[in-house]
Amino acid sequence: VQLQASGGGLVQAGGSLRLSCAASGRPFSIHGMGWFRQAPGKEREFVAAISWSGGRLYYPDSVKGRFTISRDNAKNTVYLQMNSLKPEDTAVYYCAAVQNYCSEYGCYATSAGYDYWGQGTQVTVSS
């Protein structure tokens with residue numbers, strides 16, 4: 001499975017961006033997909049996840065109400081709509097895919113549980 005992330009850029013605080021992550025190769029083997037981010041000098045942080053078949057959504061409190069993850073199964077693509085962006089959202093955003101069955105928040109929120117990773121896309125929010 002190959003993942004291609006896109007949509008990052010520079011935006012002012014309060015603005016919006018939509019990230020996309022297209023899966024190719026063997027996308028039918030994916031059970032769920034997630035987004036993580038990593039700012040300079042910080043650990044990789046869970047941002048959002050979605051189960052591929054059931055559409056269950058998972059968010060940490062830091063982005064709940066501002067970010068929305070969605071999927072288009074026909075296009076094998078996952079989106080991350082980010083609204084009300086803050087300077088602290090600045091990071092490289094990565095999409096990832098998990099093959100094994102995953103039904104709990106803790107499973108999706110752990111980066112070690114993911115099998116495939118995209119290349120990352122930079123999001124910069126200016127104050």
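Contact here means heavy atoms within 4.5 Å. The model on screen is predicted, so local features need pLDDT of at least 70 and side-chain atom pairs count only at pLDDT 80 or more, while totals for chains, interfaces and linings use all residues. Residues are numbered from 1 along each chain as its sequence is written, and side-chain values use heavy atoms, with hydrogens and water left out.

**Stop 1: methionine 82.** Select methionine 82, which lies in strand 8; strands (E, at least two residues) are DSSP runs, numbered from the N terminus. Methionine 82 has 0% relative accessibility and therefore counts as buried, the term for under 20% relative accessible area with a 1.4 Å probe and protein chains only. Setting aside neighbours within four places in sequence, the contacts of methionine 82 are Gly15, Ser16, Leu17, Leu19, Arg66, Phe67, Tyr93 and Val123.

**Stop 2: the core.** Now select Trp35, Leu80, Met82 and Tyr93, the residues with the most contacts inside the largest nonpolar core, which has 30 residues. Such a core is a set of buried Ala, Val, Leu, Ile, Met, Phe, Trp, Tyr and Cys residues joined through side-chain atoms within 4.5 Å. Strands that each supply at least two residues of this core include strand 3 (17–24), strand 4 (32–38) and strand 9 (91–98). A second, separate core has nine residues, among them Tyr58, Ala96, Val98 and Tyr114.

**Stop 3: strand 4.** Which strands pair with strand 4? Strand 5 is joined to strand 4 by six bridges, and strand 9 by seven. Both pairings are antiparallel; two strands pair if DSSP finds at least two bridges between them. Select arginine 37 to find glutamate 45 of strand 5 opposite, then tryptophan 35, whose bridge partner in strand 9 is cysteine 95. Follow the chain from strand 4 to strand 5: the two form a hairpin with six residues between them, and glycine 41 in the turn has a positive phi of about 80°. Six of the seven residues of strand 4 are buried, so this strand is largely enclosed by the rest of the structure.

Stop 4: To end the tour, select cysteine 21, whose bridge partner in strand 8 is valine 78.

How values were computed: Buried < 20%, exposed > 50% of the residue type's maximum accessible area, 1.4 Å probe, protein only. Helix = DSSP H or I, 4+ residues; strand = E, 2+ residues; numbered from the N terminus.
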